[in-house]
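Please read these notes alongside the model.

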Amino acid sequence: MASKRFIELVEPLLTLMPTVPRPNRPVTLGSRLIWTFLAATVYLLLSVTPLYGIVASSSSPLFNPLVAIIFASTNGTLAQLGIGPIIIAGIIMELVAFSELMDVDLNDPQDQARFTALTKLVAVVIAMFEGAFIMSTHQLTVANAGLAFVVWLQMLFGAVIVILLDDLISKGWGIGSGISLFILISIIRSIFQSTFMPVTVGAGELLGIVPALVAAIYNAAVSHTLVPLLSIIYRFNLPGLVGLISTIVLGGFIAYVELMEVRIPLSFVQYGGYKMSYPFKVMYVSVLPIIFTAYTVALIYNGLYFVWATYNPHNANALLNSIACIRVITTAKFGTVNEPCPTSLIYYFTVIPYNMTPQYVVVHILMYVALSVVFAYLWVNLAGLSAEDQARTMVSSGLSIPGFRASARSLAIHLKRYVNSLTFTSGLLAGFIAALGDILGVYGTGIGLILMVEIIIQYYTIAMQEQLFEAYPGLKRILGVE
């Protein structure tokens, strides 16, 4: 097949890809925790090491803080690209594998090794193009034109290090996956900064809500007025008390929903019809659809901004103003900023505008819900999570519905109503929570909060499972776990 021939053609490149060998013996939980900590430390060092040759004060309207949190990237550092190349490459290769465009058997160790190496190669290529795009669109301002290539090489170097760190953890040296770990670190760091960071921004306002609250209490006591306290209840584009309360409440609600399950009664055919229940999470596809949603919103915003910057930089064209109108304003908090006009389409694709209107709130929520639901259905059907795919997996495991024929078709018909309902519900909830969290000023963004809670639950589950396997090693062999 053409896919086999393609793999053979790129085989020399695959052998050149740097890789981390799998451990030749079981790694204890303590050692895996140490390796995970070391990987996190290296990533943090990358995220605080500035790129040589850029202007430290440079910023770009194309830099999206929401996408930066999701992709664990830090602007102007060696972690500029974050895990974006890994995620995009993984999604592309997963879709290729599930759609059978590539003739590859993932149960075959040789094919699996080739597939992993090819995924890394695709990630490196994406990093190369993404770095070139950042430089060509002037998202980073370099000290002189001659340093642009040097900055590009540094971004590529950082991306390769992140790819190897992810490989290190995924190969069994660490716990979970590098992608989840780096996203979790990025979100926790953002929440920590929003809560405790004692630095000043704009006209001397404190960034962290805790130092801002202490300062507000002191100023209120000195001035004998509640104005300082009222000013920190809700702060546009700065952490406020509403955001702190919303982070705690929404975080608890997300954890509650993430742990909710719908159980379907099934039976084991080969064990004389032994009855059991099969759990489906209410948040059936919570993470990936909302990541796709955030990325789509960012791409649309960047596309509209490109139209304005290229064809209508002085807002002279009325038609283009209705599509993308950007005005330069001066704020007390952040100085000169690019603010979308409320009358233009690009306004509704802004993460959080300075001038938030009721129309923006309604459109923002509806847009996130609609996109999240659409991507939820697309991902379920493309990634092997549909009712038909689940039915084939259950039948191959010897499961059937009590009172129905033990066939994939019969089981799929029964599962379809569950899968469709859970797909819609999880997409709707994820989109609504993400949009509402942004509007309320949730720390780490609404999408970041969903990701953080889900990753923490995953890590807790993995830790409990590893402890169980260490106490009862025979369980691995019984359950078929490597």
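1. The model is predicted, so local features need pLDDT of at least 70 and side-chain atom pairs count only at pLDDT 80 or more, while totals for chains, interfaces and linings use all residues. Residues are numbered from 1 along each chain as its sequence is written, and side-chain values use heavy atoms, with hydrogens and water left out.

2. The whole structure has 10 aromatic pairs. Rings of Phe, Tyr and Trp (its six-membered ring) pair if their centres lie within 6.5 Å; planes under 30 degrees apart are stacked, over 60 edge-to-face, and the rest tilted. Tyr-43 and Phe-182 are stacked because their ring centres are 4.9 Å apart and their planes are at 25°. Tyr-43 belongs to helix α3 (residues 29-48) and Phe-182 to helix α8, so the pair ties together parts 139 residues apart in sequence. Helices here are DSSP runs (H or I, at least four residues), numbered from the N terminus.

3. Phe-292 and Trp-379 are an edge-to-face pair, with 5.7 Å between centres and 65° between planes. This pair links helix α12 (residues 287-311), which holds Phe-292, to helix α14 (residues 358-382), which holds Trp-379, across 87 residues. Phe-292 is buried at a relative accessible area of 19%, and Trp-379 is buried at 6%. Together with Phe-375, these two residues form one aromatic cluster.

4. Which residues have the most contacts inside the largest nonpolar core? They are Tyr-368 and Ile-447, in a core of 121 residues. A nonpolar core is a set of buried Ala, Val, Leu, Ile, Met, Phe, Trp, Tyr and Cys residues joined through side-chain atoms within 4.5 Å. Leaving out residues up to four places away in sequence, Tyr-368 touches Leu-66, Ile-290, Val-297 and Ile-447, among others; contact means heavy atoms within 4.5 Å.

5. Helix α16 (residues 408-440) has 33 residues and should span 48 Å at 1.5 Å a residue, which agrees with the 45 Å between its end C-alpha atoms. The expected span is 1.5 Å times one less than the number of residues. α16 bends by about 40° at Leu-415, the bend being the angle between axes fitted to the seven residues ending there and the seven starting there. Just after α16, Gly-441 has a positive phi of about 80°.

6. Ser-190 sits in helix α8 (residues 178-196). Ser-190 counts as buried because its relative accessibility is 17%. Beyond neighbours within four places in sequence, Ser-190 contacts Ile-69 and Gly-444.

Note on methods: Helices (H or I, at least four residues) and strands (E, at least two) are DSSP runs, numbered from the N terminus. Buried means under 20% relative accessible area, exposed over 50%, partly exposed in between (1.4 Å probe, protein chains only).
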